[in-house]
Every structure is written in C-alpha cells, then in structure tokens.
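I opened this structure for a first look and kept brief notes. The entries follow the order in which I looked things up.

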Amino acid sequence: EADTPSEEEAAAPSATPPPDEAASGPIPSAGNEGAWVPKDEAERGAVLLAQSDDGRLRRLNPGDRLGDVGKLIVPPCYRTTIDMPGGILWTTCGPSVLGVGSPDGTHIATSLCRSLIQGGPVGNQLRLETPAGNCEITLEDPSSIASVEVAMRSKKNGSILDASAYKPVLIVVSAEGEVSIALESGSFSLSSGEGLAMVAEDRPKEFSLKRIPSWFKSSFGRPIDNIAAQDMVKLLSGDASGDTEAQLASLTRHPRPYLAALAVQTSLLAGRWEPFFEPMLVNPRWSSYWEPTISLARQLIAADADQTGQVRSLLSARSPNGAELFQMLTGFSESELETGGLSMLVAGLGADDLPSRVLSIYQLK
C-alpha cells in the first residue's frame with residue numbers, strides 16, 4: 001500500500017509550527033560530523049533532543065554539531081532539517097528516534113521515523129539500519145527527494161510482542177527524481193511516485209503511490225497540536241545546564257492537557273515511562289490524547305525488547321494488577337481472547353482504576 005504503516009498512523013499527531021518560509025541562505029555543510037541546520041525560521045522553532053549513551057537528555061540549538069550525540073529524538077509536531085553525518089539532509093515529519101554516526105559517518109539506525117531526505121552539499125547516500133532490514137539509499141541527482149518511514153504494523157490480531165502479528169515496516173518512496181535502493185537481496189530503482197515496502201522477512205514489494213500522503217506537506221495537522229509545539233519551544237530551554245530532563249518532567253504535569261500530552265509523548269521517545277501511567281492515564285482531562293499516546297507507546301514496546309522489560313517492571317512495582325495492565329497494553333492473541341482475555345477486558349470496563357478502563361476500551365475498540 002502507498003500509505004504509512006498504521007498503529008494510529010505510526011503513533012502520534014504530526015503537525016508543524018507556521019508554514020515554511022523561503023530559506024534565508026544556503027545550508028552550511030557539516031561534513032561527517034553533522035549538524036542541526038533548519039532551513040528557515042519555522043524550522044528553527046522546533047525541539048530537537050540529544051540523548052547520550054547514559055540516557056541523559058539535552059536540547060540542541062540550531063547550528064549545533066551532532067558530534068558524539070549518539071541518539072536524536074524529535075517529538076511529534078516538529079518539522080525541521082538535520083544535516084546528517086555523511087551529508088544527507090533529513091527533514092523530520094513525525095515522531096522520530098534516530099541513532100547517528102558510524103566510522104564512515106553515513107549510518108543512521110531507527111525503529112521509528114517519518115522523514116523526507118535529499119542530497120546535501122557533500123553527500124547523496126544514506127545507509128539505513130531498521131528492524132525491517134538494512135538498505136543503502138542513493139539520491140541520483142540534486143533534485144531527488146525520497147520519503148523514509150519506519151514503524152511497526154499489525155498484520156493480524158494479536159499481541160504487539162508476537163512477531164508474527166506485529167511486524168516492522170520500512171517504506172521508501174521517490175517523492176521527486178530518481179532514487180536507488182540497495183538491499184542484500186538486490187537493487188531497485190525508483191522514479192517519482194514509485195515506492196518500495198519492506199515488511200520484516202517478507203520479500204520487498206514495489207508499488208505506485210496512489211495519493212500524496214498529507215505529511216509530505218509543510219503544514220498539516222490540528223491547530224491545537226501546533227499550539228502545543230509552540231508552547232513546548234518556549235518552556236523547554238536550550239541551554240547546557242542539565243535542566244532539560246527536569247523541565248520535560250515538569251511539563252508532563254502541565255495544567256494544559258495538549259502541552260502535557262506532547263511532553264508525555266516526548267518522554268516515551270526518550271524511554272521515560274513513568275509519566276505515561278501517571279499522570280496521563282489517571283487524568284480524565286487527557287482523554288482526547290489517550291489513544292494516540294497509547295499507540296505511540298505500543299510502537300516503542302514492539303520495537304525494543306528493553307522497553308518491554310522496563311514497562312513490565314514499572315507496572316508490577318506500581319500496581320497490584322500490573323501484569324493485567326501490561327497485557328491490556330500489549331494485547332491478546334486469538335487464543336488468549338477465547339480463554340479469558342475477553343472476559344478480562346469486559347471486566348476492565350467497570351474497574352475502579354482508570355488505567356484499566358482506558359486500556360480495556362482501547363483494546364476492545
């Protein structure tokens with residue numbers, strides 16, 4: 001299919017602050033080190049987080065070199081351009097977790113992203129590592145643009161922990177010009193409007209784009225998400241004082257639900273799960289954000305075994321029915337539904353604790 005793998009459209013609302021303006025000048029080359037190089041004032045108004053190997057977070061400022069960043073985290077709602085190590089220009093178009101850097105400077109590892117890429121001043125190739133497989137993307141001419149999407153997608157009813165039911169997907173589309181893709185199984189050439197989908201161990205499938213995805217456009221999404229994005233920019237400082245994590249944790253309890261929800265989704269991308277269970281799932285004021293945030297959480301658990309263990313342990317420590325909550329979050333196989341799972345979900349509709357009711361409704365829906 002031409003559209004992105006869906007678990008609530010690969011997770012969370014994607015919007016952008018004000019529409020793109022004309023670029024004020026040429027984007028500087030960052031060589032193999034890479035840098036955040038927003039094209040205009042709209043792209044400068046973004047939150048881009050760097051996460052070190054020990055898990056600490058800091059907010060990058062426009063122009064900052066990537067250096068030994070390790071991992072880049074881009075929350076939902078922000079569209080901005082990064083000059084990746086090796087020279088590819090990567091424009092974020094949705095929630096993203098990107099591992100950057102390698103000995104040759106052209107390697108990106110991701111389990112969740114939505115992006116548009118184009119050649120930069122010094123590079124037109126990108127080596128991509130994903131749960132669905134690895135590939136090398138070459139943009140054949142200066143005008144070539146490709147979209148890259150990585151997410152988890154449900155193939156049949158079942159738990160997100162079941163590899164046969166929930167599979168990683170990589171989709172590359174030539175949005176403009178000629179794009180070449182090299183896989184272990186062979187090479188593919190794409191012209192404008194043509195795409196290649198890779199689903200776990202399945203054979204790659206070529207397709208023609210039936211309609212232009214809305215996220216290709218520079219301005220889309222709900223106005224309330226734009227407001228949340230702009231508020232987070234103002235309230236999450238970009239200094240190096242080490243306050244980024246404390247500020248983000250504080251925003252997860254902000255009285256404005258739209259801002260708090262964005263902060264919780266950002267925390268999930270950074271591996272911070274506590275705000276998801278409290279305050280988010282225990283506060284009925286956030287009801288309109290439960291579904292996309294649960295879907296994002298499921299994406300992250302399905303793609304990373306370390307997240308699975310962290311969430312299971314956290315729920316067991318927080319609640320006497322932690323095991324049931326974990327299964328309500330991750331889902332049930334057909335056999336589990338027939339042998340008590342469905343009864344658990346129906347009973348959860350009348351549970352005293354709000355998280356059980358929320359997760360039961362999500363699974364039944």
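**Cores**

I began with the largest nonpolar core, which has 91 residues; Leu-72, Met-232, Trp-273 and Phe-276 touch the most other members. I then looked up which element gives the largest share of this core, and found H4, with nine residues. There is also a second, separate core of six residues, and I noted Val-169, Ile-171, Val-199 and Phe-207 among its members.

I went back to Trp-273 and listed its contacts, leaving aside neighbours within four places in sequence. The list holds Leu-268, Ala-297, Leu-300, Ile-301, Gln-307, Gln-310, Val-311 and Leu-314.

**Confidence**

The model is predicted, and I looked up the pLDDT before going further. The mean for the protein chain is 87, and 88% of the residues reach 70 or more. Over residues 1-27 the pLDDT is below 50. Beyond near neighbours in sequence, that stretch still has 93 contacts in the model.

**Helix H3**

Which residues of H3 are buried? In this helix, residues 244-251, I found Thr-244, Gln-247, Leu-248 and Leu-251 buried. They lie on the same side of H3, because they cover an arc of only 100° around the axis.

I next looked up what the buried residues of H3 pack against.

**Gln-265 in H4**

H4 also holds Gln-265. Is Gln-265 buried or exposed? I found Gln-265 buried, with a relative accessible area of 2%; the cut-off for buried is under 20%. I looked for a polar partner and found the side chain of Thr-293, at 3.0 Å from the side chain of Gln-265.

**Backbone entries**

I checked the backbone last. Most residues other than glycine have a negative phi, and most peptide bonds are trans. I noted two exceptions, given below.

- Cys-77 has a phi near 90°, a positive value, though the residue is not glycine. I placed Cys-77 in the loop between strand E4 (71-74) and strand E5 (81-83). Cys-77 is buried, with a relative accessible area of 3%.
- The peptide bond between Glu-278 and Pro-279 is cis, with omega about 25°. Pro-279 sits in the loop between helix H5 (274-277) and helix H6 (287-303).

Key
Residues numbered from 1 in each chain as written. Predicted model: local features only at pLDDT ≥ 70, side-chain atom pairs only at ≥ 80, totals over all residues. Heavy atoms only, no water. Buried < 20%, exposed > 50% of the residue type's maximum accessible area, 1.4 Å probe, protein only. Helix = DSSP H or I, 4+ residues; strand = E, 2+ residues; numbered from the N terminus. Arc of directions from axis to C-beta. Contact = heavy atoms within 4.5 Å. Core = buried A, V, L, I, M, F, W, Y, C linked by side-chain atoms within 4.5 Å. pLDDT = per-residue confidence, 0-100. Polar contact = N/O pair within 3.5 Å; in protein donor to acceptor, adjacent residues only side chain to side chain.
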